[in-house]
Amino acid sequence: MATFLVTPRMNPALRARVERAVSPKARARHHAAGLSMASPFASREGFRPAKLLPLLAIVLIGGLFAAMTIHERRELEADRAALLGEIDGLRPGLPPGHEVLVADTERLLVEAAADGEPPEIIDPALRAAGALDATLRRPALYVRAPAAELREVRGIDDAARGSDKDAFLVCLMFPPTATSERDLLAKVRGVYFAGAKVDNETANVRRLAELRVGLAVLAPAFESSVRTAQDRNVLKRMRKDLQKAPVDLAKKAAAAELMLVVADTPAGARVTLFDLAAKKPLLRVLRRHEELTLTSLGATHREELEACSLAVAVRRAVTE
């Protein structure tokens with residue numbers, strides 16, 4: 001700062017003291033020099049927009065992530081609502097009491113396969129002429145499995161899935177004229193017992209597996225899993241389970257009045273016919289198939305012939 005208080009002829013030190021006295025900047029430079037600072041004032045740079053790029057990138061990424069999360073959540077909820085709608089749409093037609101049917105049949109199966117040899121039961125009403133055939137035409141469930149697989153609830157599911165309509169069921173409902181190898185062969189040879197023809201002929205009887213698998217996707221537990229799922233892939237798998245489930249057959253099975261159980265034991269086959277409404281057996285007998293002397297042709301169908309022979313033995317226990 002120029003001042004008339006100093007002249008070129010003045011002592012430099014005196015001149016500096018005078019300048020500091022009258023100039024704040026001079027004083028600041030003096031103090032800065034004492035502190036070994038290059039400048040007493042912070043340097044001021046011009047504003048550069050490039051400095052905001054990292055912040056803008058963070059904001060953009062955060063916004064995109066938020067948008068994707070919101071979109072994914074909306075899609076998840078849309079999938080959930082659609083699947084719940086499908087489940088509700090399949091429930092009409094289920095008979096009253098279907099909610100407890102699976103649990104009831106499990107208790108009866110455990111009873112049918114229990115250890116020991118319980119006393120035989122043959123309801124007197126079954127002995128009347130034509131009564132057994134009329135009873136077997138009522139809506140029923142059917143399962144045949146080793147007794148060991150039916151004694152615990154956790155084994156029933158696999159046992160039911162492995163049980164098809166077989167020669168025992170067909171021959172119980174439509175017995176051969178006699179138990180000779182020729183008559184038995186005429187009944188079973190060339191028949192695909194798990195096929196459509198047999199299914200149509202025994203349409204009033206539904207496999208236990210159809211009931212269990214079909215009702216499982218309509219049960220409260222399945223619906224609860226849909227409501228709590230947090231992944232669209234999980235919902236997709238559930239939709240596939242729903243689409244594969246035999247719901248129409250399960251509705252027919254849920255209308256069953258009887259359940260026919262064949263529990264195979266080392267002592268023979270324990271055949272039990274339950275009244276589902278009364279939750280009691282109408283028939284319980286233990287029978288072995290007749291010892292069959294078979295030709296080479298008959299031997300190729302031994303399993304079916306023995307099952308058919310067993311069915312005839314059960315019918316005789318009731319009707320003779």
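**Close-ups of a predicted model**

**View 1. The largest pocket and what lines it.** Helix 16 is the top contributor to the lining of the largest pocket, giving 5 residues. We're looking at a predicted model, where local features need pLDDT of at least 70 and side-chain atom pairs count only at pLDDT 80 or more, while totals for chains, interfaces and linings use all residues. Residues are numbered from 1 along each chain as its sequence is written, and side-chain values use heavy atoms, with hydrogens and water left out. The pocket's volume is about 480 Å³. In all, 23 residues line the pocket, with Arg144, Asp166, Asp264, Glu303 and Ala307 nearest its centre. Two or more lining residues come from each of helix 8 (167–173), strand 4 (258–265), strand 5 (268–275) and helix 16 (302–319). Sorted by class, the lining has 10 charged, 8 nonpolar and 5 polar residues. (Ala, Val, Leu, Ile, Met, Phe, Trp, Tyr, Cys and Pro count as nonpolar, Asp, Glu, Lys and Arg as charged, and the others, Gly among them, as polar. Helices, H or I with at least four residues, and strands, E with at least two, are DSSP runs numbered from the N terminus.)

View 2. On a 1 Å grid over the protein atoms alone, a cavity is a set of points where a 1.4 Å probe fits but cannot get out; a pocket is an open set with protein on both sides within 12 Å along at least five of seven lines, and lining residues have an atom within 4 Å of a point. Grid points are joined across faces, edges and corners, and a volume is the space filled by probe spheres set on the points. Searching the whole structure turns up 1 cavity of 30 Å³ or more. The largest cavity holds about 60 Å³ of space. Its lining includes Thr135, Leu136, Arg138 and Val205. The class tally here is 8 nonpolar, 1 polar and 1 charged.

**View 3. Helix 9 meets helix 16.** The axes of helix 9 (residues 181–188) and helix 16 come within 10 Å and cross at roughly 105°. So helix 9 is roughly perpendicular to helix 16 (a label for angles of 65 to 115 degrees; under 35 is roughly parallel, over 145 roughly antiparallel, and the rest oblique). Axes are lines fitted to C-alpha atoms, for helices over the stretch in contact, and angles run from 0 to 180 degrees between N-to-C directions. Leu184, Leu185, Lys187 and Val188 in helix 9 touch Glu304, Leu305, Cys308 and Ser309 in helix 16 (contact means heavy atoms within 4.5 Å).
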